[in-house]
Amino acid sequence: MTRLRDRYRALLLDLDGTLYRGHEVIEGAPEALVADGQAGQRLVYVTNNASRGPQVVSAHLSELGFPASGDDVVTSAQAAARLLAERLDPGAPVLVVGTDDLAAEVEGVGLRPIRRFDGAAPAAVVQGHSPHTAWPDLAEAAYALRADALWVAANTDRTLPNERGLAPGNGAMVAALRAASDREPIVAGKPYAPLLEDALVRAGSRAALVVGDRLDTDIEGANRVGLDSLLVLTGVSTLDELRKAPDGQLPTFVADSLDALNHAAVAAEPEADLGESLQRHPGRAVTVRASDSEIR
């Protein structure tokens with residue numbers, strides 16, 4: 001039997017809603033990734049959440065039972081900092097709306113993070129998720145954007161899954177600044193290419209499978225960079241949303257859980273409902289998009 005995972009040299013794994021919800025691990029996820037005591041592929045953890053640095057993320061993953069080091073984690077904060085460094089002069093001031101870990105990534109690429117400014121506007125605004133972002137932070141950013149500062153958003157996720165449900169994500173805060181500034185940001189995270197391209201560099205191979213729980217970020221992002229994808233129904237997106245999804249958000253495979261990685265994929269019957277197909281093949285991934293046609 002050829003397992004789904006055996007088709008790929010690397011797994012690009014989303015975190016929130018795919019491996020855990022808030023501080024709670026998704027049941028069976030660590031065991032699914034390390035079946036028979038080994039991973040078998042390069043595991044790269046790819047997160048749109050810019051609130052924590054890679055070492056903090058890897059420590060959290062390790063505590064939950066996932067094999068991870070800082071080198072295995074690629075964050076939207078890192079991708080956002082790279083985009084800024086490519087566009088700004090060294091030492092340029094960047095107004096940070098987000099956590100200190102986001103500010104550290106900005107400093108790490110040779111730019112100067114600031115929180116407030118007097119006089120000349122900063123060269124750029126970078127915005128990432130923080131549960132402590134408040135009106136004064138958004139107001140400072142709005143002033144800078146109105147003064148024509150470059151705007152880079154780590155991601156535009158409208159919601160953030162946690163153990164209590166769906167909380168406002170960075171996209172909700174981006175929407176507030178969009179309304180206040182009449183501007184559009186450059187976006188580093190999924191579904192846009194920069195974060196996944198960084199993850200592919202880290203993986204060292206384009207023979208990679210994107211695994212995630214959101215059609216509008218993980219799956220659309222995979223399609224934009226030409227990668228196969230597995231939608232797991234453990235987080236945000238549902239089967240009802242999948243049935244209504246536009247072509248750009250169709251995954252290659254869909255499964256109830258990560259354990260589908262360790263089984264062969266099966267094709268959904270064209271006349272069957274996807275939910276019926278999943279029930280007929282519990283624990284396995286169902287093919288949603290065939291090579292020459294789409295199974296809807």
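This is a predicted model: local features need pLDDT of at least 70, side-chain atom pairs count only at pLDDT 80 or more; totals for chains, interfaces and linings use all residues.

Biologist: What makes the pair Asp 6 and Arg 3 a salt bridge?

Modeller: The closest N and O atoms of Asp 6 and Arg 3 are 2.9 Å apart, and the term asks for a side-chain nitrogen of Lys or Arg within 4 Å of a carboxyl oxygen of Asp or Glu, so the pair qualifies. The structure holds 15 salt bridges.

Biologist: Why is Arg 3 called buried, and why is Asp 6 called partly exposed?

Modeller: Arg 3 has a relative accessible area of 19%, and buried means under 20%, so the word applies to Arg 3. Asp 6 has a relative accessible area of 37%, which lies between 20% and 50%, and therefore Asp 6 counts as partly exposed.

Biologist: How do you know that Glu 86 and Arg 82 are separated by about one helical turn?

Modeller: Both belong to helix α3, which covers residues 76-87, and they are 4 residues apart in that helix, which is why the separation is about one helical turn. Glu 86 and Arg 82 also form a salt bridge, with their closest N and O atoms 2.9 Å apart.

Biologist: Which other residue forms a salt bridge with Arg 82, and what is the distance between the closest N and O atoms?

Modeller: Asp 198 does, with closest N and O atoms 2.9 Å apart. This pair links distant parts of the chain, since Asp 198 sits in helix α7 (residues 193-203) and Arg 82 in helix α3, 116 residues apart. Asp 198 has a relative accessible area of 19%, under the 20% limit, so Asp 198 is buried, whereas Arg 82, at 28%, is partly exposed. Arg 82, Glu 86, Arg 87 and Asp 198 are linked in a network of salt bridges.

Biologist: Turning to the nonpolar core, which residues touch the most other members of the largest one?

Modeller: Among its 34 residues, these are Leu 12, Leu 84, Val 94 and Val 126. Elements that each supply at least two residues of this core include β1 (10-13), α3 and α7.

Biologist: What is Leu 84 in contact with, leaving aside its neighbours within four places in sequence?

Modeller: Leu 84 is in contact with Val 94, Val 106, Leu 111, Ala 124, Val 126, Leu 150 and Val 152.

Terms used. Residues are numbered from 1 along each chain as its sequence is written. Side-chain values use heavy atoms; hydrogens and water are left out. Buried means under 20% relative accessible area, exposed over 50%, partly exposed in between (1.4 Å probe, protein chains only). A nonpolar core is a set of buried Ala, Val, Leu, Ile, Met, Phe, Trp, Tyr and Cys residues joined through side-chain atoms within 4.5 Å. Contact means heavy atoms within 4.5 Å.
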